[in-house]
Amino acid sequence: TTTTTTTTSTMFASLRRTAQRCAMTRGGGAVMTPALRALTPAMRDGGDDVARASSHAGARRATHHACKGGKITGAPMVYVSGEEMTAYVMDLILTKWIEPHVDTRAWERFDLRAKNRDDTEDQVLRDVITAGKRLKAIFKEPTVTPTADQVKRLGLRKSWGSPNGAMRRGWNGITISRDTIHIEGVELGYKAPVYFERHAVGGEYSAGFKNVGRGKLVTTFTPSEGADAGKTIEVDARDITDAEAAVVTYHNPYDNVHDLARIFFGRCLEAKITPYVVTKKTVFKWQEPFWQIMKKVYDAEFKQKFVDAGVVKPGSELVHLLSDAATMKLVQWTQGGFGMAAHNYDGDVLTDELAQMHKSPGFITSNLVGVDENGVLIKEFEASHGTVADMDEARLRGEETSLNPLGMVEGLIGAMNHAANVHNVDKDRTHAFTAHMRKSIHELFREGKGTRDLSGPSGLTTEAFIDAVAERLDNH
């Protein structure tokens, strides 16, 4: 320890120089480090108001963190930054919770803001997918899929599509796991955990379509292998009698449903919760294979294990739910303790309902699981909610905000833990740190010092809650 007489402005000048040296560029767009982004424009520009606006205590704390050793070694992972309110909050979290305790130099950072996607002609998204394949662990902040108004306002050349579909295809997506988050001692929606597996590929999301008029529609398929290879097979033929109609074509890949089943049943077994498979196969006959594959894997590999664990009774069978019934069960089964697996679209809709039943999307995780060519799992973690644009507009107007970051933090925890496991880097300390981060958040909510969505009008603002957690992490 050296002198304590260094002025606040001098300290921030030092921090400013350090942050500027650490600024990095990934995927064709400059990405400022959290340390640099956390400084106000006046701080970054070296304005004289820094000393007046900041306390000596805050500067001493920043200097202490910059100088102390023994940081956790952050394992290589991909960090994807987004925009609006959630990006602002994650910048604060990185600056005040992560960077003081974790050396994140092995993280590869990418700027997936709509403007940067436009500037790079989406090369940044392709770079994210390439890096994700290599590093296996990804954290993604919520991003914007621009509307027509945003295209004009942001000066974009086009409305770039959601990056999620490209990521799911690029990482051989198997499932999107969405689970309820629980805080002991705090009443949310479901009393016990609810797990959901949403098939990550197939269905309407990659559909081809054309708006047509009256005529005849014939759908054909040409096999590339087998006895009928090269032959044209008619799948469907019908007359279009309306002056305005839409023709839509999509398919559902089923090869990876075996892997989805093993992930789903394995997670349910570990948590000792009852699994259910959801389809609309009575009407959509093409969904029958999904159910058959799930049941086959369950019967052959998991049925007896669930009986031995006391989750289901001897002689009981895997239960199928029609999607109509599943919507009702999500409302009725508030005790929790169950899991559901469904096709892509049904999973999308049902997990929205799950989020509303469990207070809000902020209390639901979202984890894409894919696999590389060697069978190693690729996992991407994010919050299940969007960028919270309305709250960001309020913040920019100078109004107080109170954003609950728990869903995003659970995603960051998942990515950090998975990276440590996959790369075998500082696993024990990483898991201990992330567990304490979660524990600190939960404690504050139990004490009534959480954000206002749970703690009411007396709850903390966005920034005050970040500071309260930071203080507990610093004192650990």
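Is F302 buried or exposed? F302 is buried, because its relative accessibility is 8%, under the 20% cut-off. The model is predicted. This briefing covers its aromatic rings and the charges over them. A search of the whole structure finds 13 aromatic pairs.

**The Y79 and F139 pair**

- The ring centres of Y79 and F139 lie 5.2 Å apart with the planes at 45°, so this pair is tilted.
- The pair joins distant parts of the chain, with Y79 in strand β4 (residues 78-81) and F139 in strand β7 (residues 137-140), 60 residues apart.
- Y79 has a relative accessible area of 2% and is therefore buried.
- F139 is buried too, because its relative accessibility is 0%.

**The F265 and F302 pair**

- Between F265 and F302 the ring centres are 5.7 Å apart and the planes meet at 50°, so the pair counts as tilted.
- Distant parts of the chain are linked here as well: F265 belongs to helix α11 (residues 257-271) and F302 to helix α12 (residues 288-308), 37 residues apart.
- F265 counts as buried because its relative accessibility is 0%.

**A ring cluster**

- F265 and F302 are among the members of a cluster linked by ring pairs, together with F264, Y298 and F306.

**Charges over rings**

- K305 places its charged end over the ring of F302, 5.5 Å from the ring centre.
- The charged end of K158 sits over the ring of W160, at 4.6 Å from its centre.

Notes:
Residues numbered from 1 in each chain as written. Predicted model: local features only at pLDDT ≥ 70, side-chain atom pairs only at ≥ 80, totals over all residues. Heavy atoms only, no water. Phe/Tyr/Trp six-rings, centres within 6.5 Å; stacked < 30°, edge-to-face > 60°. Helix = DSSP H or I, 4+ residues; strand = E, 2+ residues; numbered from the N terminus. Buried < 20%, exposed > 50% of the residue type's maximum accessible area, 1.4 Å probe, protein only. Lys NZ or Arg CZ within 6 Å of the ring centre and 35° of its normal.
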